[in-house]
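Dear colleague,

I am passing on the structure below, and after it you will find my notes on what came out of it. Please read them with the coordinates open beside you.

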Amino acid sequence: MTLTRRTFADKATLAKELAEAVADRIRAAIAERGSAAIAVSGGSTPGKFFAALGKTRDIEWDKVVVTLVDERWVDETSDRSNALLVNEKMLQGPAAVARFFPLYSGGDEPDATHVAQTNALMAELPHPFAAVILGMGNDGHTASFFPGGDTLDAALTGAGPTLAIRAPGAGEPRITFTLPRLLETDGLYLHIEGDEKASVLETALGDGPVEDMPIRAVLRSGAPVTVYWSP
Ligand SMILES: O=C1O[C@H](COP(=O)(O)O)[C@@H](O)[C@H](O)[C@H]1O
């Protein structure tokens with residue numbers, strides 16, 4: 001396993017340090033390939049990180065595409081929308097000129113037509129990702145790789161790039177990048193905060209089925225992962 005742990009005294013310091021690491025990845029990708037794509041998580045954790053990254057001035061934001069690792073199938077008027085969070089917290093100030101590729105493509109359900117529409121848009125992303133920033137739920141899900149997900153196996157092994165997934169713990173139907181597509185990245189980060197998530201990570205690092213804690217698929221993939229944690 002290639003796990004690096006970075007521990008910070010508080011959430012604000014973590015946010016600043018993670019933003020600096022991702023900014024470095026973005027600048028390097030632009031220098032090397034002329035553009036950069038990043039995929040970020042939603043949920044309750046990344047707000048401060050988004051704000052810190054979005055305020056970074058020495059990035060050519062007009063060469064950056066931001067997307068999500070996963071999304072609830074809701075439009076941006078919903079406070080459950082991960083896209084809303086990105087737009088409100090990150091794509092302000094210097095980062096406002098970045099392009100945002102949403103995973104939600106309309107309608108009530110992520111049916112085959114809508115997922116195909118999303119996949120067509122994602123085919124336009126600069127490749128590989130400069131950085132992918134994962135979160136983790138207390139149930140051991142990451143992206144929308146939920147325990148009991150109806151398409152979990154395909155989500156963990158398929159080419160995607162995205163697919164629909166439904167799970168008892170997920171609330172709305174979801175759309176998620178597949179793990180193989182997320183691993184096509186220059187830098188892979190896991191951003192977690194608090195003692196409970198630290199403990200969930202320790203459990204995930206132990207033996208046990210991937211289906212119980214899908215974050216294990218990331219941890220066992222062999223890809224270098226840097227964990228950013230603070231209390
Ligand atoms: O539903 C989701 O949850 C996870 C974890 O979120 P948090 O609220 O525990 O930080 C998140 O990584 C994922 O992107 C999101 O869709």
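In this predicted model, three strands form an open sheet in the order β4-β8-β7, and their pairing is antiparallel. The edges of that sheet are β4 (70-72) and β7 (162-165), each of which pairs on one side only, and from one strand to the next the twist averages 20°. Between β7 and β8 (residues 174-177), which run antiparallel, there are four bridges, and Thr-162 stands opposite Phe-177 in β8. Across β7 and β8 lies helix α4 (residues 112-122), which runs at about 150° to β7.

The other element I looked at is helix α1 (residues 11-33), whose 23 residues reach 32 Å from the first C-alpha to the last, close to the 33 Å expected at 1.5 Å a residue. Its buried residues are Leu-14, Ala-15, Leu-18, Ala-19, Val-22, Arg-25, Ile-26 and Ala-29. An α-helix has 3.6 residues a turn, so residues three or four places apart point the same way. The partners against which the buried residues of α1 pack include β2 (36-40), α2 (47-54) and β10 (225-230), and just after the helix Gly-34 takes a positive phi of about 90°.

As for the protein overall, there are eight helices and 10 strands, and 46% of the 231 residues count as buried. Among contacts between residues at least 6 apart in sequence, 72% join residues at least 24 apart.

Best regards

Note on methods. Residues are numbered from 1 along each chain as its sequence is written. This is a predicted model: local features need pLDDT of at least 70, side-chain atom pairs count only at pLDDT 80 or more; totals for chains, interfaces and linings use all residues. Helices (H or I, at least four residues) and strands (E, at least two) are DSSP runs, numbered from the N terminus. The expected span of a helix is 1.5 Å times one less than its number of residues. A residue is buried if 20 or more other C-beta atoms lie within 10 Å of its own, exposed if 12 or fewer, and partly exposed in between; C-beta atoms are placed from the backbone. Two residues are in contact if their C-beta atoms, placed from the backbone, lie within 7 Å. Two strands pair if DSSP finds at least two bridges between them. Axes are lines fitted to C-alpha atoms, for helices over the stretch in contact, and angles run from 0 to 180 degrees between N-to-C directions.
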